[in-house]
Amino acid sequence: MKKGFRLKWWLNFTGGGLGLAGAIFVAVRLYANAGQIDLGCFNGANWFIFALLAAVYGISNLLLASAWWYVLNYLAVKSTWFGAAKIYGQSQIAKYVPGNIFHLAGRQALGMAAELPPWALAKSTLWELGMIAVAGVIWGIFTAPLLWPFLSVWLSSMLFVAVLALLLACAYHRFSPSIAAVLTCQSIFLALSGVVFIGILRVVVPAQTLLPPFVVLGGAYVLAWLVGFVTPGAPAGLGVREMVLLFLLGGQIQQADLVLAVVLGRLVNIVGDFIYFVMATFIDKKGRIAECERQ
């Protein structure tokens, strides 16, 4: 067996193993969290909505894969979109393994097995993490009315549009259209994540309950996601995201309803990530990374 072939095999084995470990951990978390939910309070239509929201969240992960692909393009790594989506999906589910870095290690291993240069993979990870943190901060602007009631939803919305437009223009002209595309894809993904959470909340909370405006709820969810994202050692922000949501929305929504929505939101996200993992597994091998060149 040639040395290069052995190395590629071990890299594939390592990356795939981390992805499998993430899938197993997801199954364990699903089993553990299922006991926190009174399944009898939901009917078939409710479960159909939850399944639909999980599918939306899972498919929306393709936006994150697209953002990573655009980063690779910016770094002069020529790749197929399908190859990037496959590597991203197979490794991403490992974020649920305690330590919060195993999805990055898995992506590095799978990328190297696909003959991407290690330096480019490392740089792409830093770019991706930095950009999505920026996108999360922008969406956090919508929570201003929760923290400072004298600020209106209209004012925070105008500020959001202005900041996002300014950053997109700077990314386009200062760096490249690819970096502007990264910020766009990640911002849309975060918006869809907020929509998924709002959908769950509307099922859980009684119809007559007055909720904060949709953009405020979405902003609160994204800000909670961001805090969990930057917390070291928390797998996929587990626990941290929920705590921040309870802090931001605890005074707006009944505690019991909010806790139930938070737990269901976590389960829907886990199922969605697993859906994307399965999708990535079945992406045709012809979509693998085809060619790369140094900048």
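When residues up to four places away in sequence are not counted, Thr125 touches Leu104 and Arg107, a contact being heavy atoms within 4.5 Å.

The model is predicted, so local features need pLDDT of at least 70 and side-chain atom pairs count only at pLDDT 80 or more, whereas totals for chains, interfaces and linings use all residues. Residues are numbered from 1 along each chain as its sequence is written, and side-chain values use heavy atoms, with hydrogens and water left out.

## Overall architecture

The chain contains 11 helices and 0 strands, and its elements read α-α-α-α-α-α-α-α-α-α-α from the N terminus. Of its 295 residues, 51% are buried. Among contacts with a separation of 6 or more, 76% join residues 24 or more positions apart.

Helix α2 comprises residues 44-74. Its 31 residues should span 45 Å at 1.5 Å a residue, and the end C-alpha atoms lie 46 Å apart, which agrees; the expected span is 1.5 Å times one less than the number of residues. Ala76 follows α2 and has a positive phi, near 65°, although this residue is not glycine. Ala76 lies in the loop between α2 and α3 and counts as buried because its relative accessibility is 19%.

Helix α3 (residues 81-92) has 12 residues and reaches 16 Å from its first C-alpha to its last, close to the 16 Å expected. Because 10 of these 12 residues are buried, α3 is largely enclosed by the rest of the structure. Its buried residues include Gly83, Ile87, Tyr88 and Gln92.

## Surface and a nonpolar patch

The chain exposes about 14,000 Å², of which carbon and sulfur atoms supply 72%; accessible areas come from the Shrake-Rupley method with a 1.4 Å probe, and for residues only the protein chains shown count as cover. Phe48, Ile49, Leu52 and Val56 make a nonpolar surface patch of about 360 Å². Patches are made of residues with over 30% relative accessible area and no salt bridge, joining like charges within 9 Å and nonpolar side chains (Val, Leu, Ile, Met, Phe, Trp, Tyr) within 5 Å. A salt bridge is a side-chain nitrogen of Lys or Arg within 4 Å of a carboxyl oxygen of Asp or Glu. Val56, placed in helix α2, is partly exposed at 34% relative accessibility.

## Thr184 and the cysteines

Thr184 is located in helix α8, residues 177-204. With a relative accessible area of 34%, Thr184 is partly exposed.

How many disulfides does the structure hold? The number is 0, where a disulfide is a pair of cysteine sulfur atoms within 2.5 Å. Cys170 is partly exposed, its relative accessible area being 39%, while Cys185 is buried at 11% relative accessibility.

Terms used: Buried < 20%, exposed > 50% of the residue type's maximum accessible area, 1.4 Å probe, protein only. Helix = DSSP H or I, 4+ residues; strand = E, 2+ residues; numbered from the N terminus.
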